[in-house]
Amino acid sequence: MKKITLPLTEEQIAGLHAGDSLLLSGVIYTARDCAHKRIFELLDKGEPLPFPLKDSVIYYAGPCPAPEGKACGSCGPTTSARMNVFAPRLLDLGLGGMIGKGEMSEETRLALVRNKKVYFAAIGGAGAAYGNAVQKSECVAFPDLLSEAVHRFTVKDFPLVVAIDSYGKSVYQR
Amino acid sequence: MKTVSTQEISDCVYRLARKAGLTLTDSCRDALQAAQKTESGAAEFALSALLENEQTARAENMPVCQDTGMSVVLVELGQDVRLTGAPLAEAVNDGVRRAYADGNFRKSVCDPLTRVNTGDNTPAHLHVDLTTGENVTITFLPKGFGSENMSRLYMLTPAEGREGILNAITQTVKLAGSRPCPPVYVGVGIGGAFDGCALLAKKALTREVGSRNPRRDVAQIEEEALERINALGIGAQGFGGKVTAIGVSCEIAPTHIAGLPVAVNIQCHCVRCEKETL
């Protein structure tokens with residue numbers, strides 16, 4: 001299986017096609033509903049963000065607490081569709097891509113094409129496997145949101161499927 | 001008359017919650033294994049990952065899915081049982097609180113307006129049914145919300161009848177698409193009133209995947225709905241395939257002459273449900 005390490009180069013992005021399965025390694029940031037709301041409040045106020053948006057990949061996820069001796073608890077993807085209201089603006093500001101589960105809107109698909117970025121699907125429900133693949137985890141923003149806080153993950157071999165590629169082709173379109 | 005301390009009920013909820021978070025039901029695992037054998041491509045990749053994930057969960061003592069859910073607790077309470085100790089709801093919440101802390105489960109319950117997390121996954125959704133005899137049976141269903149969000153309630157007219165019911169079930173799964181983590185398990189309530197209909201659908205999800213309602217006409221709806229859903233082609237994770245649902249379970253109750261309520265409660269492929277009789 002194809003192995004890819006972040007950050008993605010333009011060449012790597014061009015070589016990814018909807019339906020491809022791959023193993024992804026590198027640094028990603030968790031953010032789901034409440035964290036996105038806070039990020040948008042910061043953007044609207046012109047304040048700095050807790051992590052660099054440019055070329056970063058957001059993982060739509062909220063982990064379980066880490067058991068002793070582990071970097072992270074169970075941590076599979078959450079439903080991406082709820083983040084359709086946020087994704088296009090973040091992509092236009094330089095976001096490097098997203099990881100989640102399930103289809104996304106036409107607006108998000110067009111933003112991916114416009115910015116030549118990829119949306120990856122993690123396997124929803126495989127929480128233990130993804131949690132186990134997190135080697136390092138650090139809370140970088142909004143600790144009061146508990147599992148919804150933004151975490152900086154270093155991951156090794158995340159099993160993913162290219163859900164929407166940079167050409168706009170979707171694995172969900174049949 | 002039998003006396004049961006609510007502390008025993010609290011401890012039972014604790015045991016059931018701890019186990020449910022880490023394990024798929026046997027009937028769910030069997031259905032996923034069968035699905036994996038029939039699928040190919042990305043859907044097969046997803047199903048294999050899920051089956052392997054459950055083994056990882058057990059080996060590493062980690063929840064199978066990070067969405068350890070809202071805690072739905074069904075108590076069947078025999079009328080010849082006298083409860084002692086703290087009030088029942090308090091005891092159930094205490095069991096949930098301890099299990100979610102000790103199990104490193106995610107606390108996923110918050111105020112709907114402020115979105116402030118309650119911090120311990122309480123309150124549980126407690127439903128009590130009085131039965132005859134001296135038994136207390138407790139069912140624990142951790143309900144994830146990716147799938148709960150895709151559930152629907154239809155107030156059909158009597159004229160819409162059986163075909164209307166089948167359409168409501170199929171349409172709900174179709175509109176949910178890839179979002180609720182298919183292949184899904186579909187719980188359906190038919191009849192009752194607005195409130196009870198949704199509870200019937202939830203109770204249907206506590207049945208074994210693949211079980212059939214004892215009423216033949218209801219069982220036929222379960223079978224036909226499953227066929228129509230699997231003809232949609234959504235497949236595991238929405239990647240396309242023959243298995244969009246692993247099962248459909250319907251529960252039925254009398255309704256008003258003017259109505260035909262149908263509730264469709266979607267459960268993801270991660271069916272976790274534990275039961276114990278005290």
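Reader: How many other C-beta atoms sit within 10 Å of B:N61?
Author: There are 13 within 10 Å, so B:N61 is partly exposed. A residue is buried with 20 or more other C-beta atoms within 10 Å of its own, exposed with 12 or fewer, and partly exposed in between, with C-beta atoms placed from the backbone.

Reader: What is this model, and how is it numbered?
Author: It is a predicted model, in which local features need pLDDT of at least 70 and side-chain atom pairs count only at pLDDT 80 or more, while totals for chains, interfaces and linings use all residues. Residues are numbered from 1 along each chain as its sequence is written, with chains lettered from A and ligands numbered from 1 in the order in which they are written.

Reader: Back to B:N61. What is its phi?
Author: Positive, about 55°, although B:N61 is not a glycine. Most residues other than glycine have a negative phi.

Reader: Where is B:N61 found?
Author: In chain B, in the loop between helix 3 (41-60) and strand 2 (70-78). Helices (H or I, at least four residues) and strands (E, at least two) are DSSP runs, numbered from the N terminus.

Reader: And B:N104, what is phi there?
Author: Near 55°, again a positive value in a residue other than glycine. B:N104 lies in the loop between helix 4 and strand 4 of chain B. B:N104 is buried, because 21 other C-beta atoms lie within 10 Å.

Reader: Which residues does the cis peptide bond in chain B join?
Author: B:T122 and B:P123, with omega about 0°. B:P123 is in the loop between helix 4 (88-102) and strand 4 (125-131) of chain B.

Reader: What about the bond from A:L6 to A:P7?
Author: That one is cis, with omega near -5°. A:P7 sits between strand 1 (2-5) and helix 1 (10-14) of chain A, in the loop.

Reader: Different topic. How do helix 2 and helix 3 of chain B cross?
Author: Their axes come within 9 Å and cross at roughly 145°, helix 2 being residues 26-38. Axes are lines fitted to C-alpha atoms, for helices over the stretch in contact, and angles run from 0 to 180 degrees between N-to-C directions.

Reader: Which residues of helix 2 meet helix 3 there?
Author: B:R29, B:L32, B:Q33, B:A35 and B:Q36 meet a set in helix 3 including B:E44, B:L47 and B:E54. Contact is C-beta atoms, placed from the backbone, within 7 Å.

Reader: How many of the 278 residues in chain B are buried, as a percentage?
Author: 51%. The C-alpha trace of chain B spans about 50 × 50 × 40 Å along its principal axes.

Methods. Two residues are in contact if their C-beta atoms, placed from the backbone, lie within 7 Å.
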